[in-house]
Amino acid sequence: MAQLALGTYRCRTIPEAAVRAAASGAQLIDTAPNYATGRAQTLLAPALAAHPSLRVSTKAGYFTAATGVEAVNAGALTEDQAPAGHSLAPDYVRWQTGRNRAQLGRDRLDLVLLHNPERAHPGDRPALHCAIRAAFVVLEEAVAAGHVAGYGIATWAGLDEEAFTVGELLALAAEAASGQSHHLVAVQMPVSLVVMTPITQALHGRGPLPAAADAGLRVMASAPLHGGELPGMVGQELADLIRPGLTPAQACVLAVASCPGVTDVLIAASSAPHWREAADAVAQPFLTAAQLREITGVLASP
C-alpha cells in the first residue's frame, strides 16, 4: 500500500514542509545534497531532530560547484573530476555519505541512493555497472559501520533506457556484498500519467515495478505530477474518470499510488493546502488494475 512522502527537489519551503509532513504522520522525507542549491539537508536537520522516528532518504552523485570544491579540498575528488558535477567514485561516495550524516544531524542514515547513476558512463553499460558495483561496495561498508541502514538508486531514465535493470542492480549488490546478504533496498524512479510506461508494464506483470516488488524493494515514485505540469494537462473529465469528486492533481496522485509495486509517492508540497490535497488523495481506496488499464488506455489513444 503506497504512502505519501515529502520530496524536497522542488519544495520551496523545506523546513515548514518537513514539520507539516511529520505532523501529518508521514514516515519518510526524500532529499539530496544538491537540492535547494546545496542547502536542503541543513534545512531539514531541525525537523529531523524534532522527529527522531521520521526516516530520511538522501543521495550521492550530483553536487553543487561549492560542494565540488569542498570534495577536492578533502581529497574525495580530483581537480579533473569536480567540473562534471556528478560522481560515483568510491572516495566521493564515501565522503558524501559522511557529509550527508553531518548535515542531516543523523548518525545513521535510513537510505542513501546513488543519484542518476546513468549519468556516470552514458552509453557504456559495462563501465557503468563497474562504477555502480564499486559505489555499492562503499555503501555496504557504511552499512557494516552502522552509518547507513540501506541503499539503492534514484534514477530518471536509467531503468527506462535499460542502462541497468532491477535484476542487474540486485546482482551488482550481491557482488558488492561478497556473498553476504546485501543491503540494496530501494529504487526511486518517475511514475506518472505522463511517464506512464512503468504503469502499463506493471499492469502486464513486466518492467521494473514488478521486478522490484518481487525482490522486496521499496519503490519511490518521483515526479507524480510531472514537476507540477500534470494537473494543468488533466481536465476534470479525466479526473472524474479516475475518481469522481477529486481534483485533477488528486486524481493524478491516486493513479500513481494505485500502481502495483509503488510503495512511496514523493510530493514536493510547499504549502499546507497542497499537502492536504495529496494526503486526501492517497487516503482514497486505491484504483483496481482494471480501472488503471482503462485510464492508461484513454491516455494512450490518439
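Me: What does the accessible surface of the chain come to, and what share belongs to carbon and sulfur atoms?
Reply: In this predicted model, the accessible surface of the chain comes to about 12600 Å². Carbon and sulfur atoms hold 54% of that surface.

Me: And how many of the residues count as buried, as a percentage?
Reply: Of the 302 residues, 51% count as buried.

Me: How many helices and strands does the chain have?
Reply: There are 13 helices and eight strands in the chain. The radius of gyration is 19 Å, close to the 19 Å given by the globule rule for 302 residues, so the chain is as compact as a globular protein of that length.

Me: What does the C-alpha trace span along its principal axes?
Reply: The span is about 55 × 40 × 35 Å.

Me: Among contacts between residues at least 6 apart in sequence, what percentage join residues at least 24 apart?
Reply: The figure for the chain is 76%.

Me: Changing topic to charges: how many are positive, how many negative, and what separates their mean positions?
Reply: The chain carries 19 positive and 25 negative charges, and their mean positions are 5 Å apart.

Me: Now Gln41. Where is it found?
Reply: Gln41 lies in helix 2, which covers residues 40-50.

Me: Is Gln41 buried or exposed?
Reply: Gln41 has a relative accessibility of 1%. Buried means under 20%, so Gln41 counts as buried.

Me: Which side chain makes a polar contact with the side chain of Gln41?
Reply: That of Thr58, at 2.6 Å. Thr58 is also one of the residues in contact with Gln41 once neighbours within four places in sequence are left aside; the others are Thr31, Ala32, Pro33, Asn100, Gln103 and Leu104.

Me: What separates the C-alpha atoms of Gln41 and Thr31?
Reply: The separation is 7.0 Å, with the two residues 10 apart along the chain.

Me: On to Asn116. Where is its place?
Reply: Asn116 sits in the loop between strand 4 (111-115) and helix 5 (125-144).

Me: Why does Asn116 count as buried?
Reply: Its relative accessibility is 16%, and the cut-off for buried is under 20%, so Asn116 qualifies.

Me: Which residues is Asn116 in contact with, leaving aside its neighbours within four places in sequence?
Reply: They are Tyr62, His86, Ala154, Thr155 and Trp156. With Tyr62 there is also a polar contact between the side chains, at 3.5 Å.

Terms used:
Residues are numbered from 1 along each chain as its sequence is written. This is a predicted model: local features need pLDDT of at least 70, side-chain atom pairs count only at pLDDT 80 or more; totals for chains, interfaces and linings use all residues. Side-chain values use heavy atoms; hydrogens and water are left out. Helices (H or I, at least four residues) and strands (E, at least two) are DSSP runs, numbered from the N terminus. The radius of gyration is taken over C-alpha atoms; the globule rule is 2.2 Å times the number of residues to the power 0.38. Buried means under 20% relative accessible area, exposed over 50%, partly exposed in between (1.4 Å probe, protein chains only). Contact means heavy atoms within 4.5 Å. Accessible areas come from the Shrake-Rupley method with a 1.4 Å probe; for residues, only the protein chains shown count as cover. Lys and Arg count as positive and Asp and Glu as negative; His and the chain ends are not counted. The place of a charge is taken as NZ of Lys, CZ of Arg, CG of Asp or CD of Glu. A polar contact is a pair of N or O atoms within 3.5 Å; within protein, one must be able to donate a hydrogen and the other to accept it, and residues adjacent in sequence count only if both atoms are side-chain atoms.
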